Every structure is written in structure tokens, then in C-alpha cells.
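Below are a few notes to read alongside the coordinates.

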Amino acid sequence: MKRRLVSIDDLSMSDISRLFFELRYKQDACRLPRAPIVMIYFLESSTRTHISFEMAAAKLGAKVISFNSSTSSLNKGESWFESLLTLDAMGPDVIITRTPFLLEENTVEQIQAAIINGGDGCNEHPTQALLDCYTLLEHFDCEDLDGKNILIVGDILHSRVAHSNIKLFQKFKAKLSLLAPPIFSKEMYGCKHYSSFSDVDHKKFDAVMVLRIQKERLEREIGMSDQDYFWHFGMSEERFSKMADHCVLLHPGPMNNKVEIDGNLRGHIRSLISKQVENGVLVRKKLLEQFFI
């Protein structure tokens with residue numbers, strides 16, 4: 001049984017391959033003989049991750065307890081880590097946590113429950129990477145992403161989604177390119193970098209993932225309006241029409257219409273955005289069943 005999933009690197013390729021095999025060929029999870037207790041401790045807003053974990057745990061017959069930060073002792077001055085230790089002392093089987101802070105090794109080591117990272121600051125979001133990778137493997141009906149070119153566009157610097165996805169996509173042999181304005185650029189793992197759509201060969205990509213601007217993490221203004229950002233770096237319907245005919249579109253959410261993406265693209269025939277949400281429940285359910293409870 002796994003005790004932690006803080007980084008995507010905490011799962012071996014054998015673990016991930018087994019998880020994806022079970023998802024593709026044995027999707028029905030069994031209800032458990034004992035109802036484990038899953039504690040959801042989120043200190044940042046979330047729709048997809050929070051609710052999909054609740055759905056996943058409920059489908060397994062687990063008892064789900066969601067922490068409400070607005071009515072907690074955090075408002076009385078208690079630190080987030082002290083609250084985490086308090087919840088852990090109550091004896092949950094699994095804690096799924098999202099914080100604006102880095103989940104450091106010495107923090108995780110003090111937790112007795114199994115722990116899953118639902119996003120820690122700008123660092124990682126491993127379960128999002130799992131569901132995104134699985135969505136692509138399912139769509140292309142393949143066992144790996146060898147030969148696939150993937151373009152990630154947007155706020156690379158602050159995106160925990162990008163950081164986990166780049167690691168996992170490369171484990172599955174994909175070729176990664178990153179497109180971002182200089183203020184959001186980050187040198188990562190030998191990826192090809194672009195600073196303008198005009199420099200990109202649109203036709204070479206098999207998939208493009210669009211990221212939102214992480215405005216809650218910005219330390220200074222980016223020097224352009226939302227309208228300007230959309231004009232230069234947003235995925236418009238016209239811009240997506242220039243991609244290869246087989247290129248699919250992903251977005252981890254939440255989507256900001258006419259900032260990083262045209263909201264009409266969600267319903268595009270080559271959009272996998274709704275499929276990502278659907279697979280979020282499936283992947284998290286199988287992850288909990290197989291490794292944590």
C-alpha cells in the first residue's frame with residue numbers, strides 16, 4: 001500500500017502502467033469490505049479535483065469528510081500545518097490535501113495517514129497529470145506517447161499542472177514544447193521553448209494543452225491586459241483551426257473565457273476537456289482503490 005503521492009515521481013512506471021491497464025480493461029472498482037475514511041483538506045478553491053475525489057471515494061464506499069477552511073481554527077490563527085496534524089490525529093485512512101505551500105518531506109513524514117497531493121502551490125499536481133496522460137493514451141489508443149508532439153501553452157512558471165505533466169509525459173516518451181511569454185517561461189527538462197505563436201509549426205502537434213494565468217500566485221503585474229494576453233497567447237478558434245487536423249485540445253481548468261482560451265472550444269469535436277473531467281473521477285477512484293485504501 002502506498003503511503004504518499006506528493007510528486008508524480010512517487011509512482012514508478014510499473015505502478016502507473018498497472019493503474020492505466022486496470023482503467024482501460026477493468027474499470028469497475030469493487031466496493032470495499034470496510035468503509036475507510038477519506039479526509040479532504042483543501043486550503044485553496046477547487047471544483048474538479050475536490051469534487052472528483054469526493055465522487056471517487058463515495059463510489060468506493062468510503063466515508064468522506066471535507067474540511068471547511070472558512071469555519072475552521074485557521075481563522076483563529078492556527079497554522080495550516082497544525083490543522084493538518086490535528087486532522088491526522090483523528091485517524092483518517094487517507095488525507096487528500098491542497099495548499100498554497102510546498103509539501104516538504106519533513107512535513108509529510110509527520111503524517112500517519114496516507115497522503116495524496118491535490119496540488120501544492122506552484123510545485124506539483126500528480127493526479128491531474130495521471131488523468132491527462134490517461135486521457136491522451138485512451139484517445140490515441142496507445143500504450144505510450146512515443147512520437148507524439150505535445151505543446152503546452154500559458155503560465156508554465158506557476159503551473160503545478162505543467163510541472164507534473166511534463167515529468168509524466170516525458171516518462172511516456174512524448175516530445176514536449178512550451179510556449180509562454182518571458183514572464184511565465186521556465187526552463188524544464190530539455191523542452192523546446194517558444195515565446196510567440198508565430199514561431200510555432202502548428203501542424204506538427206498531436207495535442208495542445210492550454211493553461212490559465214495563475215493570478216493568485218503573481219508577485220507583480222504581467223504588463224498586459226487580459227485582452228492583450230488573449231491576442232498574443234490565447235487559444236482562439238482561429239488559432240486552433242491552424243493546428244493539425246488530428247490535434248486534440250486539453251485544458252485542466254478552470255477556463256477563463258477570452259483570456260487563455262475561447263470558451264467555445266470546449267465543445268469542439270477535437271476537444272478532450274470534458275473527457276478530462278470524466279476521467280478525473282475514474283483515475284482518482286482507481287488510484288485510491290489500488291494504492292491507498
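A crossing of two helices is called left-handed if the near helix is turned anticlockwise from the far one by less than a right angle, and right-handed if clockwise. This is a predicted model, where local features need pLDDT of at least 70, side-chain atom pairs count only at pLDDT 80 or more, and totals for chains, interfaces and linings use all residues. Residues are numbered from 1 along each chain as its sequence is written, and side-chain values use heavy atoms, with hydrogens and water left out.

1. Helix 5 (residues 126-140) and helix 6 (residues 160-171) make a right-handed crossing. Their axes (lines fitted to C-alpha atoms, for helices over the stretch in contact, with angles from 0 to 180 degrees between N-to-C directions) come within 8 Å and cross at roughly 50°. Helix 5 is therefore oblique to helix 6 (under 35 degrees is roughly parallel, over 145 roughly antiparallel, 65 to 115 roughly perpendicular, the rest oblique). Helices (H or I, at least four residues) and strands (E, at least two) are DSSP runs, numbered from the N terminus.

2. In the contact (heavy atoms within 4.5 Å), residues of helix 5 including Leu130 and Leu136 meet a set in helix 6 that includes Leu168 and Phe169.

3. Five strands form an open, parallel sheet in the order 1-5-4-2-3, where pairing takes at least two DSSP bridges between two strands. Strand 1 (4-5) and strand 3 (63-66) are the edges, each pairing on one side only.

4. Strand 2 (residues 37-42) is joined to strand 3 by four bridges. Valine 38 stands opposite valine 64, and isoleucine 40 faces serine 66.
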